[in-house]
Amino acid sequence: MSDPVIRIEGLFKSYQTSAGLFPALKEVNLNIAAGEFVAIMGPSGSGKSTFMNILGCLDVPTAGHYFLDGRIVAELDKDELALLRNRTIGFVFQGFNLLQRMSLLDNVALPLIYSGMEREQRQQQARDLLAKVGLEGYEASMPNKISGGQQQRVAIARALINRPRVLLADEPTGNLDSHTSAEIIALFESLNREGITIVLVTHEADIAQHAQRQVRFLDGRIVSDQPTSKLEHTA
Amino acid sequence: MMFAMLGEAWRAMGANRLRTFLTMLGMVIGVGAVVLMMAIGQGAQYAVKQSIAAMGSNLFILVSGSTSAGGVRSGSGGGYTLNVSDADAIAELPGVQATAPIHPGNAQVVYGPNNWNTSVIGTTPGYLDARSWPVVSGNAFTNSDVRSATRVALIGKTAAQNIFGDEDPLGKTFRIRQSPFVVLGTLSAKGQGMDGRDQDDTILIPLTTAQRQVFGSQFPGSVRMIMVQTSTQEIMPAVERSMTELLRQRHRIREGMDNDFSLRNLTAVADSAAESARVMSLLLGAIASVSLLIGGIGIMNIMLVSVTERTREIGIRMAIGARERDILMQFLLEAIIISVVGCIIGLLLGIGSALLAETLTGTMVIISGSSILVAFGVAATVGIFFGFYPARKAALLDPIEALRYQ
């Protein structure tokens, strides 16, 4: 197996709440190699969203180390973190999170504005990616005019536009019906075959089946971490 | 990058047109008010300056004192306590540049079928110097005209128009109260005086001619007024003292008795008029600036609302790689665009209403490049100043909190 693209060592995260310090993550260790497709599972409040936020460089750990692509994330300043979110990581959310005022093309091209790319190039790349997720001809449509499945495809296209090494998806199928979910998962599988590392949070076991590896969180700790094939065996 | 950001700002503003328009309106009214008020204020200042320049600089006017006959007091200028030799004596004082005895009056003037009542001033050639009032065509009358009381006249622009119509008045003979006069020259236009009267509705004739042939005089050689011009404004108080002393001596006024003449410093009157015009101009500007400030606060208010409303959008942008300064720029640009566009519209509106005010009321307005520049500069500063706080608030949002915001 190649070098880990994500390496987590002894990660702690606690929040200050009105009831005192709440530990959301307790000593989490995890390595994810380049090209892996990992499903993260666990009940609500098990710490998986917190974990994803840290993976996505949106949040910083209270203690422990996070190496992304060989870099120590804790040592980076805000602009460098923004650059990581822009180039190295692609984010897909449960609620799609498209900007409603913009056309699909502009939504997909948005990260490229922050990369400082010229308009012509931005639009060309965005058009190519929309075609890749099966939405050719929808460039000028507005997000509220298309279905949820289509919106999630646009969100995936946006996440992919800077050719990130890692795609982080937080319950990407949570708002979709089973048929559309299957399509989205198929899209993830094909992206994974192209070499993109995918980390996907889900509650649904059948979605997790598509990943190569399943990591289960409970009360802020990883309680199991096994390849999918083995799990099928035992099941 | 900048271009893309401008496009984004434009789109964000377009998404809520009415709100953008109303926010802009604050700026439009503020800038429009500043431009209009400055135009009116500067116009008023200019008009005052013009009339001061038209009056002549560093001027005193000596007016004969009142007389009292049988308990009836005549009022200032009623008596003839000043005379031509007083004027000559004053002319010898140090610092005095020109003196001109004046015998003013009104008379009916006739030329062919036209007749007109106008102000006729009997004076000496020194009057033209003291009032810096050049002859534009023909010649001024001379001291020898004054000595021999010739019937020649210099005619002001308005008087000429009313008496001669389109004809060239030079060399024409017309009558003032039955006596024929020849037009020797025409005077340059002076416009409105400090008192609002048209100074060009005037005919100047030699002093002696006025006294002997037009108005008549009980006391030959006496005059109602003497105009005195000093060489500089600084020596005016000194000249005032020496002039008073000289006249009291000449008129044999004993210690403790009142002057039989009064002395007015016209330049001081003009200065106070200029000062009040300047204060008015400042006041107008200050009032207008308050509306500009309120416009700026309106921008800040709306930008704060906008940041709150778009918290989730800010979170999304941060998640896909926007840096703090990208978010800051985005909101700052919106504020700047609103204020600059508002400023341009306000400028046009202000200039338009200033011109309209000029046409409707005849008030002089001056739209100077500097006032436009100041309004523009202030508007841009207001945009940056009041846009910065909301933009910074947006840029410093925690991405996770922002993403969770509903």
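**Notebook: a two-chain predicted model**

I started with B:V63, which is buried, with 20 other C-beta atoms within 10 Å. A residue counts as buried if 20 or more other C-beta atoms, placed from the backbone, lie within 10 Å of its own, as exposed if 12 or fewer do, and as partly exposed in between. I found B:V63 in strand β1 (residues 59–64) of chain B. Helices (H or I, at least four residues) and strands (E, at least two) are DSSP runs, numbered from the N terminus. B:V63 and B:M225 are 162 residues apart in sequence, yet their C-alpha atoms are 4.5 Å apart in space.

I noted that this is a predicted model, in which local features need pLDDT of at least 70 and side-chain atom pairs count only at pLDDT 80 or more, while totals for chains, interfaces and linings use all residues. Residues are numbered from 1 along each chain as its sequence is written, and chains are lettered from A and ligands numbered from 1 in the order in which they are written.

**Chain B as a whole**

I counted 13 helices and 14 strands in chain B. Its C-alpha atoms fill a box of roughly 100 × 55 × 40 Å along the principal axes. Chain B has a radius of gyration of 33 Å, whereas a compact globule of 406 residues would have one near 22 Å. That radius is taken over C-alpha atoms, and the globule rule is 2.2 Å times the number of residues to the power 0.38. Buried residues are 43% of the 406 in chain B.

**Where the chains meet**

I looked up the contacts between the chains: 21 residues of chain A touch 15 residues of chain B. Contact means that the C-beta atoms of two residues, placed from the backbone, lie within 7 Å. On the side of chain A that touches chain B, α2 (78–87) and α3 (104–115) of chain A each supply at least two residues. α2(A) gives the most to that side, with six residues.

**Cores**

The largest nonpolar core has 126 residues, and A:I40, A:V108 and B:V31 touch the most other members. Such a core is a set of buried Ala, Val, Leu, Ile, Met, Phe, Trp, Tyr and Cys residues joined through C-beta atoms within 7 Å. Helix α2 (residues 17–55) of chain B provides the largest share of this core, 15 residues. Apart from it lies another core of 55 residues, including B:I121 and B:V214.

Next I checked helix α1 (residues 48–55) of chain A. Eight of its eight residues are buried, so this helix is largely enclosed by the rest of the structure. Just after α1(A), A:C57 takes a positive phi of about 60°.

**Sheets of chain A**

I traced an open antiparallel sheet of four strands in the order β2-β1-β4-β5 (chain A). Two strands pair if DSSP finds at least two bridges between them. β2 (20–33) and β5 (71–72) of chain A stand at the edges with a single partner strand each, so one side of each has no neighbour in the sheet. Ten bridges join β1 (residues 4–17) of chain A to β2(A), and A:I6 has A:I32 in β2(A) as its bridge partner.

β6(A) pairs with β7 (residues 166–170) of chain A in the parallel sense over four bridges.
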